[in-house]
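User: I have a structure open here and have not looked at it before. Can you walk me through it?

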Amino acid sequence: MLTIHPGAPSRAAQPLSPSVRIRESVVRHCLPLLTPLKPRFAIVPQHEHKAFIPYTRLFASAPAPNSHAVVQAKAVRVADKVLHLDRAWEEAKELPYEYLVIATGTKLPSPGSMQHDHKLGGVDFFKTYQGGIKTAQNIVIIGGGAVGVQMALDLKEFYPEKNVTLVHSRDKVMNRFHPGLDAIVRKRFDEVGVKAITGERVKLPAEGFPTDGTPTTVHTTNSEIPADLVILATGQVPNNQLVKDLDDDAEDKLTAPNGFLRVRPTLQLLNPAYSNVFALGDIADTGAPKAARPGMLQADVVVDNILSLIEGK
């Protein structure tokens, strides 16, 4: 019997099982990715190195640590029971699996996502971006969700002398959260000096906004805003390219219209042909908030269910 993840719609065909503690690492191979990066590392100086988590001792406290491995490679394609890598590991670019967990998350507009696959390049990227912020006087943030609000307040905390404007297409900021947050955020904006323009859409130039400090103008529905730096906080794009080949061959599509992976309440892919493949966290179309806590709870469910499948339950 398989466990249903918290918040999943109730389905009689998916009974709950007793909680099972994580006894050992079920999946032998794990692909490392950079930690989910908060854009504030691009603003707050001298903390950029904290955006990365070393995997050197990931399995040090696990039973039989030598039976586990961290593969330093990029997963490029999921096939049936085989994961394709961008480089050889143990002399092969194919990694066979019995069970696979996809936790690839989402990608944010720069500076929310990295342009490099290694720490040194990532640290240099953050430092360069921080330098651009220091020299800019007029900064415009496009997007009034959690990321945009956080960045606006970080900017005014560290650089109170700068002009920070946040533009949001909806009438309320953080509109996907509790409706009372809008008043709380606006009060704080007034206290620190963030200008909020809501209910207006930005006309994005086809070539994008300058990133070298060249002065520009942000055109909205009703406004023109001078800017030395424009920061996009326009939402998440799911990292679903891994399953593209599977999706092209499947009658029952793996991705939802919004791009996230369709899953059952057990967090297995919805397509019954891939019951040994799970998705969790931001990439999974669960309806849960895209945040760390739901992902951690979902991880427990996935471990429980893989163990149940191995034990034939």
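This is a predicted model: local features need pLDDT of at least 70, side-chain atom pairs count only at pLDDT 80 or more; totals for chains, interfaces and linings use all residues.

User: What share of the contacts join residues at least 24 apart?

Analyst: Among contacts between residues at least 6 apart in sequence, the share is 57%. A contact means heavy atoms within 4.5 Å.

User: Sheets next. In what order do β3, β4 and β5 sit?

Analyst: The order is β3-β4-β5, in an open sheet with antiparallel pairing. Two strands pair if DSSP finds at least two bridges between them. β3 (75-79) and β5 (92-96) are at the edges with a single partner strand each, so one side of each has no neighbour in the sheet. On average, neighbouring strands here are turned by 30° against each other, direction ignored. Such angles are taken between axes, which are lines fitted to C-alpha atoms (for helices over the stretch in contact), and run from 0 to 180 degrees between N-to-C directions.

User: What joins β3 to β4?

Analyst: Four bridges, in the antiparallel sense.

User: Which strands form the parallel sheet?

Analyst: Four strands form that open sheet, in the order β10-β9-β8-β13. β10 and β13 (229-232) are the edge strands, each pairing on one side only. Neighbouring strands are turned by 20° against each other on average, direction ignored. β9 (residues 163-168) is joined to β10 by four parallel bridges, and Val167 has Ile197 in β10 as its bridge partner.

User: What lies across β8, β9 and β13?

Analyst: Helix α2 (residues 146-158) does, running at about 170° to β9.

User: I clicked on Lys195. Is that residue buried or exposed?

Analyst: Lys195 is exposed, with a relative accessible area of 51%. The residue lies in strand β10 (residues 195-198). Not counting residues up to four places away in sequence, Lys195 touches Val164, Thr165 and Leu166.

User: Now the inside. Which residues have the most contacts within the largest nonpolar core?

Analyst: Ile102, Leu269 and Ala279, in a core of 30 residues. A nonpolar core is a set of buried Ala, Val, Leu, Ile, Met, Phe, Trp, Tyr and Cys residues joined through side-chain atoms within 4.5 Å. β4, β6 (100-102), β15 (277-279) and α5 (292-310) each give two or more residues to this core. Leaving aside neighbours within four places in sequence, the contacts of Ile102 include Val243, Leu261 and Val277. A second, separate core of 29 residues includes Met114, Val123, Val149 and Val185.

User: How many aromatic pairs are there?

Analyst: There are three. Rings of Phe, Tyr and Trp (its six-membered ring) pair if their centres lie within 6.5 Å; planes under 30 degrees apart count as stacked, over 60 as edge-to-face and the rest as tilted. The Phe41 and Phe126 rings have centres 6.0 Å apart and planes at 45°, so this pair is tilted. Phe41 is in the loop between β1 (29-30) and β2 (69-70), while Phe126 is in helix α1 (residues 119-135), 85 residues apart. Both Phe41 and Phe126 are buried. One aromatic cluster is formed by Phe41, Phe125, Phe126 and Tyr129.

User: Which ring has the charged end of Lys290 over it?

Analyst: The ring of Phe260, with the charged end 4.1 Å from its centre. A charge sits over a ring if NZ of Lys or CZ of Arg is within 6 Å of the ring centre and within 35 degrees of the ring normal. The charged end of Lys162 sits over the ring of Tyr159, 5.2 Å from its centre.

Note on methods
Residues are numbered from 1 along each chain as its sequence is written. Side-chain values use heavy atoms; hydrogens and water are left out. Buried means under 20% relative accessible area, exposed over 50%, partly exposed in between (1.4 Å probe, protein chains only).
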